[in-house]
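Keep the viewer open and follow along.

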Amino acid sequence: MANSTVTKPVNLKYLSSKLDCICKMTLEAPEDFLPKLRNVFEESGIAFVMVPNLKNCGINGAVKWLREYKVLLALSDRRKYSDVFWFALFHEIRHVFQKKKAHIIVSVDKDIEVNSKINIENLEADADKFAQNFLIKPKDYAEFIKSKDFSRAAVEKFAEDIKIQPGIVVGRLQRDGYIDFSHLNSLKQRYEIVIN
(Lines give C-alpha, C1' and ligand atoms only; values in the text may rest on other atoms or scores of the structure.)
Protein backbone atom coordinates (compact mmCIF):
# COMPACT_ATOMS: atom_id res chain seq x y z
CA MET A 1 0.00 0.00 0.00
CA ALA A 2 2.81 2.40 0.87
CA ASN A 3 4.71 1.64 -2.33
CA SER A 4 1.66 2.51 -4.41
CA THR A 5 1.17 5.83 -2.57
CA VAL A 6 2.70 8.72 -4.51
CA THR A 7 4.50 11.20 -2.28
CA LYS A 8 6.90 14.06 -2.65
CA PRO A 9 10.39 13.51 -1.18
CA VAL A 10 10.61 13.54 2.63
CA ASN A 11 10.31 17.04 3.99
CA LEU A 12 10.21 16.97 7.79
CA LYS A 13 10.37 20.77 7.98
CA TYR A 14 7.09 20.92 6.07
CA LEU A 15 5.56 18.25 8.31
CA SER A 16 6.65 20.16 11.41
CA SER A 17 5.00 23.32 10.06
CA LYS A 18 1.70 21.42 9.66
CA LEU A 19 1.47 19.83 13.13
CA ASP A 20 -0.81 22.54 14.51
CA CYS A 21 -3.10 22.11 11.47
CA ILE A 22 -3.20 18.35 12.09
CA CYS A 23 -4.07 19.00 15.74
CA LYS A 24 -7.04 21.16 14.69
CA MET A 25 -8.31 18.28 12.54
CA THR A 26 -9.29 16.48 15.77
CA LEU A 27 -12.49 18.58 15.71
CA GLU A 28 -13.51 17.19 12.30
CA ALA A 29 -15.13 13.95 11.19
CA PRO A 30 -12.92 11.30 9.52
CA GLU A 31 -14.46 11.92 6.10
CA ASP A 32 -13.30 15.53 6.40
CA PHE A 33 -9.91 15.14 8.08
CA LEU A 34 -8.59 12.01 6.34
CA PRO A 35 -8.20 13.60 2.86
CA LYS A 36 -6.46 16.63 4.40
CA LEU A 37 -4.25 14.40 6.53
CA ARG A 38 -3.26 12.29 3.53
CA ASN A 39 -2.43 15.46 1.59
CA VAL A 40 -0.17 16.80 4.37
CA PHE A 41 1.58 13.45 4.62
CA GLU A 42 2.05 13.09 0.85
CA GLU A 43 3.53 16.59 0.69
CA SER A 44 5.84 15.55 3.57
CA GLY A 45 7.06 12.39 1.84
CA ILE A 46 5.03 10.07 4.05
CA ALA A 47 2.91 7.23 2.73
CA PHE A 48 0.07 7.14 5.25
CA VAL A 49 -1.87 3.88 5.32
CA MET A 50 -4.65 2.53 7.50
CA VAL A 51 -4.62 -1.22 7.95
CA PRO A 52 -7.18 -3.56 9.52
CA ASN A 53 -6.54 -4.64 13.08
CA LEU A 54 -5.25 -8.18 13.46
CA LYS A 55 -7.15 -9.84 16.31
CA ASN A 56 -5.18 -10.09 19.59
CA CYS A 57 -2.21 -8.41 17.94
CA GLY A 58 -1.98 -5.26 20.08
CA ILE A 59 -0.36 -3.16 17.34
CA ASN A 60 -1.54 0.45 16.99
CA GLY A 61 0.92 1.67 14.37
CA ALA A 62 4.30 1.40 12.71
CA VAL A 63 6.88 3.56 10.97
CA LYS A 64 9.47 2.45 8.42
CA TRP A 65 11.74 4.47 6.19
CA LEU A 66 11.24 2.87 2.76
CA ARG A 67 13.94 4.94 1.07
CA GLU A 68 15.79 8.15 1.86
CA TYR A 69 12.91 10.07 0.33
CA LYS A 70 9.84 8.12 1.50
CA VAL A 71 8.48 6.98 4.89
CA LEU A 72 5.67 4.58 5.71
CA LEU A 73 3.38 5.60 8.59
CA ALA A 74 0.77 2.92 9.23
CA LEU A 75 -2.07 2.94 11.74
CA SER A 76 -4.35 0.04 12.49
CA ASP A 77 -8.07 0.60 12.85
CA ARG A 78 -7.85 -0.94 16.31
CA ARG A 79 -10.04 0.77 18.89
CA LYS A 80 -11.35 3.45 16.57
CA TYR A 81 -11.99 6.05 19.26
CA SER A 82 -10.85 9.64 18.80
CA ASP A 83 -8.42 9.65 21.73
CA VAL A 84 -6.68 6.45 20.61
CA PHE A 85 -6.54 7.46 16.95
CA TRP A 86 -5.00 10.89 17.55
CA PHE A 87 -2.61 9.76 20.26
CA ALA A 88 -1.39 6.91 18.03
CA LEU A 89 -1.05 9.28 15.05
CA PHE A 90 1.09 11.83 16.91
CA HIS A 91 3.07 8.99 18.51
CA GLU A 92 3.93 7.64 15.05
CA ILE A 93 4.69 11.14 13.75
CA ARG A 94 7.31 11.41 16.49
CA HIS A 95 8.83 8.12 15.31
CA VAL A 96 9.17 9.69 11.85
CA PHE A 97 11.11 12.60 13.38
CA GLN A 98 13.34 10.13 15.26
CA LYS A 99 14.74 9.07 11.85
CA LYS A 100 15.58 5.44 12.71
CA LYS A 101 16.05 4.69 9.03
CA ALA A 102 17.30 1.12 9.29
CA HIS A 103 14.53 -0.05 11.62
CA ILE A 104 10.82 -0.70 11.67
CA ILE A 105 9.30 0.82 14.80
CA VAL A 106 6.16 -1.03 15.84
CA SER A 107 4.02 0.60 18.52
CA VAL A 108 2.13 -1.80 20.76
CA ASP A 109 0.01 -1.58 23.91
CA LYS A 110 1.86 -4.30 25.75
CA ASP A 111 5.14 -6.16 25.56
CA ILE A 112 4.81 -8.66 22.72
CA GLU A 113 8.54 -9.33 22.73
CA VAL A 114 9.50 -7.41 19.61
CA ASN A 115 13.29 -7.37 19.64
CA SER A 116 15.42 -4.58 18.23
CA LYS A 117 19.02 -3.37 18.32
CA ILE A 118 17.80 0.14 19.16
CA ASN A 119 16.53 1.15 22.59
CA ILE A 120 12.85 0.81 21.78
CA GLU A 121 11.75 1.71 25.33
CA ASN A 122 13.39 5.14 25.11
CA LEU A 123 11.97 5.75 21.63
CA GLU A 124 8.49 4.72 22.77
CA ALA A 125 8.65 6.90 25.92
CA ASP A 126 9.78 9.85 23.78
CA ALA A 127 6.95 9.27 21.27
CA ASP A 128 4.37 8.96 24.06
CA LYS A 129 5.53 12.19 25.67
CA PHE A 130 5.50 14.01 22.33
CA ALA A 131 1.96 12.83 21.54
CA GLN A 132 0.50 13.73 24.92
CA ASN A 133 2.26 17.11 25.08
CA PHE A 134 1.45 18.10 21.52
CA LEU A 135 -2.22 17.24 21.75
CA ILE A 136 -2.57 18.97 25.14
CA LYS A 137 0.15 21.46 26.02
CA PRO A 138 1.69 20.73 29.47
CA LYS A 139 0.98 24.22 30.82
CA ASP A 140 -2.70 24.05 29.78
CA TYR A 141 -3.07 20.55 31.22
CA ALA A 142 -1.43 21.50 34.53
CA GLU A 143 -3.82 24.45 34.93
CA PHE A 144 -6.81 22.24 34.15
CA ILE A 145 -5.70 19.52 36.59
CA LYS A 146 -5.22 22.15 39.30
CA SER A 147 -8.95 22.94 39.14
CA LYS A 148 -9.82 19.34 40.13
CA ASP A 149 -13.10 19.74 38.22
CA PHE A 150 -13.41 16.80 35.83
CA SER A 151 -17.11 17.16 35.16
CA ARG A 152 -18.46 16.84 31.64
CA ALA A 153 -19.00 20.60 31.43
CA ALA A 154 -15.45 21.35 32.62
CA VAL A 155 -13.91 18.88 30.17
CA GLU A 156 -15.94 20.27 27.26
CA LYS A 157 -15.00 23.85 28.16
CA PHE A 158 -11.30 22.97 28.45
CA ALA A 159 -11.39 21.12 25.12
CA GLU A 160 -13.12 24.09 23.49
CA ASP A 161 -10.52 26.48 24.95
CA ILE A 162 -7.58 24.48 23.57
CA LYS A 163 -9.42 23.61 20.32
CA ILE A 164 -9.29 19.85 20.58
CA GLN A 165 -11.86 17.04 20.47
CA PRO A 166 -13.14 16.50 24.08
CA GLY A 167 -12.63 12.72 23.93
CA ILE A 168 -8.88 13.32 23.72
CA VAL A 169 -9.03 15.15 27.06
CA VAL A 170 -11.08 12.28 28.52
CA GLY A 171 -8.54 9.69 27.31
CA ARG A 172 -5.67 11.66 28.86
CA LEU A 173 -7.48 12.02 32.19
CA GLN A 174 -8.24 8.31 32.18
CA ARG A 175 -4.67 7.27 31.36
CA ASP A 176 -3.30 9.62 34.02
CA GLY A 177 -5.65 8.22 36.66
CA TYR A 178 -7.69 11.38 37.28
CA ILE A 179 -10.95 9.73 36.24
CA ASP A 180 -12.10 6.12 35.93
CA PHE A 181 -11.94 4.42 32.53
CA SER A 182 -15.75 4.22 32.56
CA HIS A 183 -16.21 7.97 33.13
CA LEU A 184 -17.18 10.40 30.32
CA ASN A 185 -16.71 7.87 27.53
CA SER A 186 -19.67 9.43 25.71
CA LEU A 187 -17.32 12.32 24.83
CA LYS A 188 -15.06 9.97 22.88
CA GLN A 189 -16.04 9.85 19.24
CA ARG A 190 -16.11 6.43 17.64
CA TYR A 191 -14.69 6.70 14.14
CA GLU A 192 -15.93 4.76 11.16
CA ILE A 193 -12.85 4.69 8.95
CA VAL A 194 -13.04 3.00 5.58
CA ILE A 195 -9.80 1.20 4.78
CA ASN A 196 -8.84 1.26 1.12
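Let's start with Thr26, which sits in the loop between α2 (19–24) and α3 (30–44). (Helices are DSSP runs of H or I with at least four residues, strands are runs of E with at least two, and both are numbered from the N terminus.) A quick word on the source: this is a predicted model, where local features need pLDDT of at least 70, side-chain atom pairs count only at pLDDT 80 or more, and totals for chains, interfaces and linings use all residues. Residues are numbered from 1 along each chain as its sequence is written, and side-chain values use heavy atoms, with hydrogens and water left out.

Is Thr26 buried or exposed? Thr26 is buried, with a relative accessible area of 0%. Here buried means under 20% relative accessible area, exposed means over 50%, and partly exposed is in between, using a 1.4 Å probe and protein chains only. Leaving aside neighbours within four places in sequence, Thr26 is in contact with Trp86, Leu135, Lys163, Ile164, Gln165, Ile168 and Tyr191. Contact means heavy atoms within 4.5 Å.

**The chain overall**

There are eight helices and four strands in the chain. Read from the N terminus, the elements go α-α-α-β-β-β-α-β-α-α-α-α. Of the 196 residues, 46% are buried. If you take contacts between residues at least 6 apart in sequence, 70% of them join residues at least 24 apart. The chain exposes about 10500 Å², with carbon and sulfur atoms supplying 52% of that; the areas come from the Shrake-Rupley method with a 1.4 Å probe, and for residues only the protein chains shown count as cover.

**Helix α8**

Now to α8. Nine of the 10 residues of this helix (residues 166–175) are buried, so α8 is largely enclosed by the rest of the structure. The buried ones are Pro166, Gly167, Ile168, Val169, Val170, Gly171, Arg172, Leu173 and Gln174. What covers them? The cover includes α4 (82–98), α5 (120–135), α6 (138–147) and α7 (152–162).

At the start of α8, a side-chain oxygen of Gln165 comes within 2.8 Å of the backbone nitrogen of Gly167. That's a polar contact, meaning a pair of N or O atoms within 3.5 Å; within protein, one must be able to donate a hydrogen and the other to accept it, and residues adjacent in sequence count only if both atoms are side-chain atoms. Just after α8, Gly177 has a positive phi of about 80°.

**Helix packing**

How do α3 and α4 lie against each other? Their axes come within 14 Å and cross at roughly 5°. They are therefore roughly parallel. Phe33, Leu34, Leu37 and Phe41 of α3 make the contact with Phe85, Trp86, Leu89 and Ile93 of α4.

α4 and α5 pack at about 125°, with axes 8 Å apart, and are therefore oblique to each other. Residues making this contact include Trp86, Phe87 and Phe90 of α4, and Leu123, Phe130 and Phe134 of α5.

The axes are lines fitted to C-alpha atoms, for helices over the stretch in contact, and angles run from 0 to 180 degrees between N-to-C directions. Angles under 35 degrees count as roughly parallel, over 145 as roughly antiparallel, 65 to 115 as roughly perpendicular and the rest as oblique.

Most residues other than glycine have a negative phi. Here are two residues to look at with that in mind.

| Residue | Phi | Relative accessible area |
|---|---|---|
| Lys148 | near 60° | 69%, exposed |
| Leu184 | about 65° | 11%, buried |

Lys148 is in the loop between α6 and α7, while Leu184 is found in the segment after α8. Leaving aside neighbours within four places in sequence, Leu184 is in contact with Phe150, Ser151, Arg152, Val155, Val170 and Ile179. The C-alpha atoms of Leu184 and Pro166, 18 residues apart along the chain, are separated by 9.6 Å.

**One more buried residue**

Ser44 is in helix α3 and counts as buried at 0% relative accessibility. Leaving aside neighbours within four places in sequence, Ser44 is in contact with Pro9, Val10, Asn11, Tyr14 and Leu15.
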